[in-house]
Amino acid sequence: DPQQLELATSGKRKLRRFIVIDEVVDELYGSKVREYFEENNVQHKILALPTTEETKSMDLVLDILQEVQKFSIDRRTEPIIAIGGGVCLDIVGLAASLYRRRTPYIRIPTTLLSYVDASVGAKNGVNFLQCKNKLGGYTPPVASFLDRSFIQSIPRRHISNGLGEILKMALMKHKGLFDLLKSHGKYLLDTKFQSYSGSANHGDAALQTTRIAIETMLEELAPNLWEDDLDRLVDFGHLISPELEMRVLPSLMHGEAVNIDMAFMTYVAHTRGLITAEEKEQIIQCMRGLELPVWHGGCSWPLIKRALMERLKHSGGQPRMPLPTGLGVAEIFNDTSEETLERAYKLWVRD
């Protein structure tokens, strides 16, 4: 609306912003954020919250909305800003989508995982009755601001956690990205995805890796933003991991649980004859190089069977199982027998 735009930019009305920031991020960057809004003469309210898988609930959404109501925002010209990891972006996205039916919001990811995953796409949600993201919706942000400098302050394990989702896109869609991870994985972990002028031997591996991961993710998500088509390559690593992740909280992070799922599915692909023993080994070695777990004691055969039954419930009665058919290529299968799955499981456990 040109009139609203003019009002917002003419200076006749003071700019106002409501910001939700993860409490750990607030400790590291909160003073800079406050300084920025003060210098730009923006009236603001900053709400610092513990945003973890354990607190990812409707209760936290309602806490945010109570504060939004107190602050009183214009839902057309005053977007809510979320600064944090994937959990924070998910919770704030759901809160914004509920407030006055739809309030615009902006995502600012501060972890590698949220940078390449939660910042892209339309989904938001919270956990409910011990089930991951059982309540949620599809409301895209008006913008995502990507700044890799946030990533330099996160622990090495969190970098590895994000590499799990990047590897997912590499295995499903991009051999070049797989080769980058294989060659530069340790360097990316050591440098925390920062770009340095003295890194000639590595090109700008951090920029290339994140750019390809996001571009391939967008290629998959953009034509199917509302998931009308349930055949989704981006579901690789997400068939068993939701059940595993919630079962063993907080011992596994999201990208770690996804990688354990991908490791098992790599064995399934090999058992079906879709990939060679050498390709299977290359994938598992790449995972190890990225310091990702390739097995977990909690991922029992009964848990796998239960998770795949859950999968059938919300995927139209078909497993819709994405599996690699080579390095960087994949297809979706509905005909993997329980016998094949069990054989793959036994090989995986043995190795």
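Modeller: Helices (H or I, at least four residues) and strands (E, at least two) are DSSP runs, numbered from the N terminus. In these terms, L146 is found in the loop between strand 7 (143-144) and helix 6. This is a predicted model, in which local features need pLDDT of at least 70 and side-chain atom pairs count only at pLDDT 80 or more, while totals for chains, interfaces and linings use all residues. Residues are numbered from 1 along each chain as its sequence is written, and side-chain values use heavy atoms, with hydrogens and water left out.

Biologist: Why is L146 called partly exposed?

Modeller: Buried means under 20% relative accessible area, exposed over 50%, and partly exposed in between (1.4 Å probe, protein chains only). L146 has a relative accessible area of 37%, so the middle class applies. In space, L146 lies 6.4 Å from I108, C-alpha to C-alpha, although 38 residues separate the two in sequence.

Biologist: What makes L163 a buried residue?

Modeller: The relative accessible area of L163 is 0%, and therefore L163 counts as buried. L163 belongs to helix 6 (residues 156-173). L163 and L188 are 25 residues apart in sequence and 9.3 Å apart in space, C-alpha to C-alpha.

Biologist: How do you know that the buried residues of helix 13 line one face?

Modeller: The buried residues of helix 13 are T340, L341, A344, Y345 and W348. Seen down the axis, they fall within an arc of 135°, so they line one face of helix 13; the arc is that of the directions from the helix axis to the C-beta atoms. On the other side of helix 13, E339, K346 and R350 are exposed. An α-helix has 3.6 residues a turn, so residues three or four places apart point the same way.

Biologist: What makes the reach of helix 13 close to the expected one?

Modeller: The expected span of a helix is 1.5 Å times one less than its number of residues. Helix 13 (residues 338-350) has 13 residues and reaches 18 Å from its first C-alpha to its last, close to the 18 Å expected.

Biologist: Which residues of helix 11 are buried, and why are they placed on the same side?

Modeller: K280, I283, I284, C286 and M287 are the buried residues of helix 11. They cover an arc of only 155° around the axis, which puts them on the same side of helix 11.

Biologist: Why is L129 called exposed?

Modeller: L129 has 63% relative accessibility, and so counts as exposed. L129 lies in the loop between strand 5 (123-128) and strand 6 (131-138). Phi of L129 is near 55°, a positive value in a residue other than glycine. Most residues other than glycine have a negative phi, and most peptide bonds are trans.

Biologist: Where does a cis peptide bond occur?

Modeller: A cis peptide bond joins L249 and P250, with omega about -5°. P250 is in the loop between helix 9 (241-247) and helix 10 (254-271).

Biologist: Why is K192 called partly exposed?

Modeller: K192 has a relative accessible area of 23%, and therefore counts as partly exposed. K192 is found in the loop between helix 7 (175-191) and helix 8 (205-221). Phi of K192 is near 55°, a positive value in a residue other than glycine.
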